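Here are my notes on this one, in the order I'd go through them. Have the viewer open as you read.

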Amino acid sequence: MDDKQKALLKSLPKIDEVLVILEKRGTLERAPREKVLESIREVVAGIRSAILTGSRDAAAFLSNESAADAAAARIERLHEYSLRRVINATGIILHTNLGRAPLCKEALERIVEVGRGYSNLEFDLASGKRGLRYDHIREILCELTGAEDALVVNNNAAAVLLVLSTLARGREAIVSRGELIEIGGEFRIPEVMERSGAILREVGATNRTHLSDYEKALNENTALIMKVHTSNFRIVGFTEEVPVPELVTLGRRHGIPVMNDLGSGCFIRLEKYGLQREPTVSDAVKEGADVITFSGDKLLGGPQAGIIVGKKDQLESIKKNPLNRALRIDKLTLAALEATAKLYLNEQEAIAGLRSLTALTEPVEAATRRARRLLQTLKKEKFPGVTLALKKGFSMSGGGSLPTEQIPTVLVALRSGNLSAARIDEKLRALPVPVVARIAEDEILFDPRTLAAQELPEVRNALRAVLASREKG
Ligand SMILES: *Cc1c(COP(=O)(O)O)cnc(C)c1O
């Protein structure tokens with residue numbers, strides 16, 4: 001340690017003096033005294049180690065006032081929300097990392113209405129006795145899908161786990177090798193099967209599986225035939241899979257139930273809107289599978305949930321599985337899901353009211369109009385050194401749905417002579433309402449398909465904040 005360092009250490013901020021400053025500023029009303037003291041100690045320790053390592057100009061932080069600023073900032077950070085709204089300019093409509101489907105107005109209203117007080121969550125108002133939470137959603141789900149019975153749990157991964165655990169624990173479930181998919185990192189069909197206690201019986205080859213492959217695998221220990229909709233990828237070329245109706249016929253002949261994990265699950269015919277065909281839940285019910293599982297927050301456009309529909313007797317045993325208690329749906333989710341489902345009583349209302357469906361189905365002209373508007377607004381700002389242009393591109397469905405669908409869009413491309421695209425992106429993400437965009441070839445790209453009209457001024461304000469600071473980077 002040299003003399004300069006020794007001198008600096010002697011003039012470190014005094015903890016009790018900093019505390020007095022913070023007391024006057026009212027910081028003690030923002031956190032308990034102990035917490036404030038701890039923050040001051042951490043700040044002072046930080047300055048001390050900066051002095052010892054010479055890692056930054058520690059002298060600049062030596063005053064009691066600046067230590068108080070730093071400690072108060074730490075306390076204020078405790079009050080900030082971590083989970084926040086962001087503006088999704090990526091064009092990925094069901095962006096799993098950005099919370100998948102935005103909720104419709106009705107769902108939000110139901111959350112507030114049901115959440116602010118008590119509710120009949122598990123209370124049968126007619127008899128005054130205990131009720132089942134699933135009963136609130138059973139009728140509407142059966143109405144929309146044509147199924148005999150319905151049950152909802154925390155998410156589709158939980159639905160798959162629960163079904164396998166009920167119908168195939170300790171016994172074999174036959175699955176085609178081409179359907180042993182992974183969804184978003186942690187969810188792999190083979191691993192979920194293992195956890196459920198079901199024994200995986202793989203049949204066929206990655207690209208081709210025949211009915212005879214299933215037939216040969218059947219034995220006295222077979223409990224289930226499982227079909228997985230390979231929702232997040234497509235095998236193209238020399239392929240063959242066995243359609244569900246054939247599996248159902250085979251299952252019936254041997255008294256083996258058939259489960260169909262649809263993944264996304266969809267209530268409307270997307271091909272009517274120029275998108276690729278995605279089997280609807282009603283189609284899947286008509287095909288005759290005993291149990292069908294799908295997500296609430298993929299193409300359905302509702303809250304995170306796992307929906308199980310199918311035959312009454314199978315669903316009765318699934319409801320009785322003790323795991324069901326661990327995987328059960330929360331009341332706020334249930335309220336939101338019920339409201340989302342009701343929208344589908346009128347398809348046009350569903351498309352207009354569910355932001356994810358609007359974004360998926362709206363013609364490229366509508367996205368183009370928002371792109372032009374954003375471009376005009378940004379041009380008016382005359383950001384120094386910034387060039388702006390419109391570019392053709394593609395949006396994506398995301399959330400492991402419609403993997404090969406390229407949805408045409410028009411992007412607003414921004415390039416700055418002063419800041420790299422990566423730096424702009426970083427600054428956009430650091431704002432109070434972060435903007436998440438795309439980067440390609442040192443340009444920031446904003447996709448209007450996932451931007452609501454009222455978010456366009458917010459994007460402009462975000463860029464004002466980011467491009468106004470004259471930094472080189
Ligand atoms: C997405 C998906 C799941 C998991 O659903 P979550 O709602 O994300 O839990 C399971 N199976 C398939 C086929 C899927 O596409």
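1. Domain 1 and domain 3 have their centres 55 Å apart, taken over C-alpha atoms. The assignment for the protein chain lists domain 1 (3-78), domain 2 (87-93 + 360-467) and domain 3 (103-353); such bounds come from an automatic or database domain assignment. Along the principal axes, the C-alpha atoms fill a box of roughly 90 × 50 × 50 Å.

2. Ground rules before the details. This is a predicted model, with local features needing pLDDT of at least 70 and side-chain atom pairs counting only at pLDDT 80 or more, while totals for chains, interfaces and linings use all residues. Numbering runs from 1 along each chain as its sequence is written, and side-chain values use heavy atoms, with hydrogens and water left out.

3. The protein chain has 19 helices and 17 strands, which are DSSP runs numbered from the N terminus (helices: H or I, at least four residues; strands: E, at least two). Of its 473 residues, 50% count as buried. Buried here is under 20% relative accessible area, exposed is over 50%, and partly exposed is in between (1.4 Å probe, protein chains only).

4. Now the largest pocket, with a volume of about 940 Å³. Among its 34 lining residues, Leu98, Arg100, Ala101, Pro102 and Arg355 are the closest to its centre. A pocket, on a 1 Å grid over the protein atoms alone, is an open set of points where a 1.4 Å probe fits, with protein on both sides within 12 Å along at least five of seven lines; lining residues have an atom within 4 Å of a point. The volume is the space filled by probe spheres set on the points, which are joined across faces, edges and corners.

5. Where does the largest pocket lie? Domain 2 and domain 3 both give residues to its lining, so it lies between them. Helix H15 (347-353) and helix H16 (355-361) each supply at least two lining residues, and the largest share, 4 residues, comes from H16. By class the lining has 14 nonpolar, 11 polar and 9 charged residues (Ala, Val, Leu, Ile, Met, Phe, Trp, Tyr, Cys and Pro count as nonpolar; Asp, Glu, Lys and Arg as charged; the others, Gly among them, as polar).

6. Two backbone angles to look at. Arg100 has a positive phi of about 50 degrees although it is not a glycine; Arg100 is in the loop between strand S1 (87-88) and helix H5 (105-115) and counts as buried, at 18% relative accessibility. Lys382 also has a positive phi, near 50 degrees, but sits in the loop between helix H17 (364-381) and strand S13 (386-395) and counts as exposed at 69%.

7. Helix H7 (residues 156-168) is mostly covered, with 11 of its 13 residues buried. One of them is Val163, at 0% relative accessibility; its C-alpha atom is separated by 8.5 Å from that of Ser196, 33 residues apart along the chain. Just after H7, Gly170 takes a positive phi of about 75 degrees.

8. Helix H12 (residues 312-320) has a buried side. Gln314, Leu315, Ile318 and Lys319 are buried, and they cover an arc of only 135 degrees around the axis, so they lie on the same side of H12 (the arc is that of the directions from the helix axis to the C-beta atoms). Exposed Asp313 and Lys320 are on the face turned away from that buried side.
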